[in-house]
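Here is a short tour of a two-part assembly, written to be read with the model open beside it. Please keep the viewer at hand and follow along from heading to heading.

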Amino acid sequence: MEDEEEGEPNLHVFKASSSGKDNNNNNNGGQASVQGVKAQAWDPRTMLCNLSFMEQKIHELQGLVHLILGRNGQLQDEQQQLITADLTSIIIQLISTAGSLLPSVNMLSTTAPGSALFPFPREANNLASQTLNNGGASQELEDDAEEGENLPPGSYEIKQLEKEEILAPHTNFCTICGKGFKRDANLRMHMRGHGDQYKTPAALAKPPTKETLPGSDAPMLIKRYSCPFPGCKRNKDHKRFQPLKTILCVKNHYKRTHCDKSFTCSRCHTKKFSVIADLKTHEKHCGQNKWLCSCGTTFSRKDKLFGHIALFQGHTPAIPLEDTKPSAAASSQRGSSGCGNSNNNAAMVSFSLGSAANANQETSQPCVMDGKTSFEESFSPLSFDICNFGGFPRSIFDDSFQMLISSACGCSPINGGVGSVSDTSL
Amino acid sequence: MPLSPSILSVLSEDLLVRVYGFLDPPCRKKWRLVSKEFHRVDSLSRTSIRILRVEFLPALLSNYPHLSSLDLSVCPKLDDDVVLRLASYGAVSIKSLNLSRATALRARGLETLARLCRGLERVDVSHCWGFGDREAAALSVAAGLREVRLDKCLSLSDVGLARIVLGCSNLSKISLKWCMEISDLGIDLLCKKCKDLKSLDVSYLKITNDSIRSIALLPKLEVLEMVNCPLVDDDGLQYLENGCPSLQEIDVTRCERVSLSGVVSIVRGHPDLQHLKASHCVSEVSLSFLHNIKALKHLKTLWIDGARVSDSSLLTLSSSCRPLTDIGVSKCVGVTDIGITGLARNCINLKTLNLACCGFVTDAAISAVAQSCRNLETLKLESCHMITEKGLQSLGCYSKHLQELDLTDCYGVNDRGLEYISKCSNLLRLKLGLCTNISDKGMFHIGSKCSKLLELDLYRCGGFGDDGLAAISRGCKSLNRLIISYCGELTDTGVEQIRQLEHLSHLELRGLKNITGAGLAAVACGCKKLDYLDLKKCENIDDSGFWALAYFARNLRQINLCYCSVSDTALCMLMSNLSRVQDVDLVNLNRVTVEGSEFALRACCNRLKKLKLFAPLRFLLSSELLEMLHARGCRIRWD
């Protein structure tokens, strides 16, 4: 509970991947497992039971490691397998334990929509968000007459996502392995790898949205979003608050307005962006039809440049250097090779267990710099999706986790790999 | 010495300068050889020079301290390096610079030149296909420029024009003919920034009515040329009705979308218009046009070629515009003797009359013109098939000032007619192409009387032979342009006589199958000034002729050798020895191998500006050669 309130990134993962799960094929998972989707209510006794089970497991492992230490650190194959299996079960246990906690917190937070009590209302977590929405809707019934800019205050429901939530690259998480996805559909595709029960048409179908949900016959309240940045015009405490329409708007607004512009154009090396899509849009047109004035101002259109020149005395159109094109090509090559490297790095990281643990300790607090670099590297569609929420820690955790499960449960690692690749390429 | 106190020594220097002022260029050349005094007068008085060998430029500049106009358009080797070397001799006071066709000159050289010539006012960089925005930026260093000629600078875009416009805001004259990249934006900026503009040429540009609207705001514009602007229509010309208060001359020839109403709107707005050129865009001369044109009291030039003009309207037109000196009614449907006679009677000051392709015009009209318009200088009668010696008789009797006569394709012209024409002793240019009824007899008359003749076109005049050509060569000593292509009777005997024409610079011998190396050798030996030579399809000229050409014709700039039986060695010799050659056509040379072409072109690749080659050679010649040619600004046309 403490961890959660601090907003530790590693815990988010666990929490997020908790909602509907029963997957424990391990020898000891049965007793502690949450029984399907129904077992959402928080039971202190079960929790206690789980915790003691984990404690016991950790003690066993400690003993084993001590034993290995006594033998000059030589690690036998079967011992390794044993440790791996134990660790896996501990981790899974931890997830499900934490997961059992989640819905109950949601229940508590419904009274104050968008409050900081529950800072991570992941939209992927359909159940959670639905309960949230329904609660809000039942409280303030209003006609959704106006869709324009000037909604009267109170006529809409304000949600405020927290910074970490906004910056998280993924909003959908696998409840079994914890892997994150940008889109719900990708998650459902991924889930097929976890068992036949996820392959049914019902499981693969698009989950019912608020409007189509049969239970909610009350008219929906319009939802608007608030920027968590204090003092921002988009923040709900601002005098002339202007809400944001969608989560995507929130994300783009927050990144554009309150984040560093960490993506530099690989062609001109001057323009910087904080949203990748903006960078891509710019790069599409960067270099072509650059109309440059001697004062340094650039124009996308020739008539604009000529209007500028006609207006200002002493300004002349600059003639672009002839060698701009080759250098741009070279830089793009450089860029692509850089991506290749990052790709390799990602692969290396994701398959080295030991370093993953270390990295976890070192960077357990989200580091801005790390976040930046990983974002940049993730730009290539080929690279693995390491550009995750807190920087390295999550991604490493993800991948190592995958590795663990695959080795422990005999699950094919290709699944996860494919998932991540397709995810980033979207 | 008995002759030492020369009578010339009593003449003071200023008197000599005055005398010198009356001389024409060939005489001035002789003048400076007379004495040191004379040479000094020449050195001090000379203000313009056109040079073929740029290496002598420093010496010439120091010899002629008062030079203000320098023409480098015929220098074959003018490039950036040459200019940079020139720069070491210090600044010069050149005001007018002609760099036309200096295709190897790029931004660096141009900037050096612009800085070198302090007070540069006029620059001509027409036909420099490599002249682009960078070069324009270099040229804009010369802030005092007043006149710029940018014709056919194909790489020049609005950006380059903007650089010139912003760098040289005192521009009074600019020509942008065939600068195909220039658009409305460039013209708009030009009109906004250069309010002193007096002359503007936007011919062949893809500009729209927006440009005309900008142009209409120029307060001082006097001359506007917009030949063949396909996107401008009558609405555009309406802007001119209320704009350009100083407009005196406008040319809207071949503007497809312009009709009579557009021209009328110009006429309505500018009662002081002097020159109106509306050929091939006016379909019919209507009453409203006639009514409006009456108001133009100062109209001197009127071109309405290609329009439907009835005799009555021509009469009305001429009676209302009596001061007309230049009228063009070529290809006008409906023009007959009645109209032309009325025109001649009304416009007695007529100097130029273009009646080309007016098939119904007969001798009567020509007689009337000759009798009424005694000042007639130029008469174009191309394809007027009904003209006979009778009309030419009155021309010979009355038109003593006639300088140019075009009788191309008038097959009514015969020896008798030429006899009459020869009485026009001031004739400078005579075109007799396709007149097959003239023989040696007619040539004798021309040769004996037209001694001032500068240009004679005898294209496909199959009726005369060697004797006729000999007569011409004997009599017309000032001839500098002679076209005797496809005059099949001519042999070496006649062609050899051409060597007497010392001033000949342009000679076309195309398709003369009977001439051999001996004839060509004689021409090359005698005509030292030969600059253009067309030998296409002269199949019987052997290597001896080409050797002689290579040896003597040191001033040759342009040569056409298509279908000649020149050998590898002769071609190499030609190309390496002709140090001024810049434009060569080398198609269908049966005896020349690929290696021969390669060697020959390598020998002259640093001076070529234009080249026509057999298309398959594109892949057979070495890429280094082709790259070199391109880098030197040579344009290759593959045929």
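## Ground rules

Let us begin with exposure: a residue is called buried when its relative accessible area is under 20%, exposed when it is over 50%, and partly exposed in between, using a 1.4 Å probe and protein chains only. This is a predicted model, in which local features need pLDDT of at least 70 and side-chain atom pairs count only at pLDDT 80 or more, while totals for chains, interfaces and linings use all residues. Residues are numbered from 1 along each chain as its sequence is written, chains are lettered from A and ligands numbered from 1 in the order in which they are written, and side-chain values use heavy atoms, with hydrogens and water left out.

## The two chains

Chain A contains 16 helices and 8 strands, and chain B contains 27 helices and 24 strands. Both kinds of element are DSSP runs numbered from the N terminus: helices are H or I with at least four residues, strands are E with at least two. Of the 426 residues in chain A, 43% are buried; for the 639 residues of chain B the figure is 55%.

Contact here means heavy atoms within 4.5 Å. Taking contacts between residues at least 6 apart in sequence, 55% of those in chain A join residues at least 24 apart, and in chain B 75% do. An unreviewed UniProt entry annotates residues 172-199 of chain A as "domain: C2H2-type"; such positions are given in the numbering used here, feature names are shortened, and annotations may be inferred rather than shown by experiment. In the model, residues 172-199 of chain A are 29% helix and 14% strand, with the end C-alpha atoms 18 Å apart.

## Where the chains meet

The interface brings 16 residues of chain A into contact with 14 residues of chain B. Together the chains bury about 1200 Å², 70% of it on carbon and sulfur atoms; buried area is the accessible area (1.4 Å probe) that two parts lose on being put together, summed over both. Phe306(A), Pro317(A) and Ile319(A) supply 46% of the area that chain A buries against chain B, more than any other three residues.

How many salt bridges cross the interface of chain A and chain B? The rule finds 1, where a salt bridge is a side-chain nitrogen of Lys or Arg within 4 Å of a carboxyl oxygen of Asp or Glu. Asp158(B) pairs with Lys302(A), the closest N and O atoms being 2.8 Å apart. Asp158(B) lies in helix α8 (residues 158-167) of chain B and Lys302(A) in helix α11 (residues 302-311) of chain A, so the pair joins two chains. Asp158(B) is buried, at a relative accessible area of 0%.

## Nonpolar cores

A nonpolar core is a set of buried Ala, Val, Leu, Ile, Met, Phe, Trp, Tyr and Cys residues joined through side-chain atoms within 4.5 Å. The largest has 202 residues, and those touching the most other members are Leu150(B), Ile215(B), Phe289(B), Ile484(B), Ile498(B), Leu535(B) and Phe546(B). A second, separate core of 10 residues includes Phe306(A), Ile309(A), Val159(B) and Leu189(B).

Helix α16 (residues 363-372) of chain B is mostly covered, with 7 of its 10 residues buried. Its cover includes α15 (337-346), β13 (352-354) and α17 (389-398) of chain B.

## Charges within chain B

Asp534(B) and Arg510(B) form a salt bridge with their closest N and O atoms 2.8 Å apart. Asp534(B) lies in strand β20 of chain B and Arg510(B) in the loop between β19 (506-508) and α22 (517-526), so the pair ties together parts that are 24 residues apart in sequence. Asp534(B) is buried at 0% relative accessibility, whereas Arg510(B), at 22%, is partly exposed. Arg510(B) is also among the residues in contact with Lys536(B), which sits in the loop between β20 (532-534) and α23 (543-552) of chain B.

Asp305(B) lies in the loop between β11 (301-303) and α14 (311-320) of chain B. Asp305(B) is buried yet has no salt bridge, and the nearest side chain of opposite charge, Arg254(B), is 7.7 Å away; for charge, Lys and Arg count as positive and Asp and Glu as negative, while His and the chain ends are not counted. Beyond four places in sequence, Asp305(B) touches residues including Ser279(B), His280(B) and Asn354(B).
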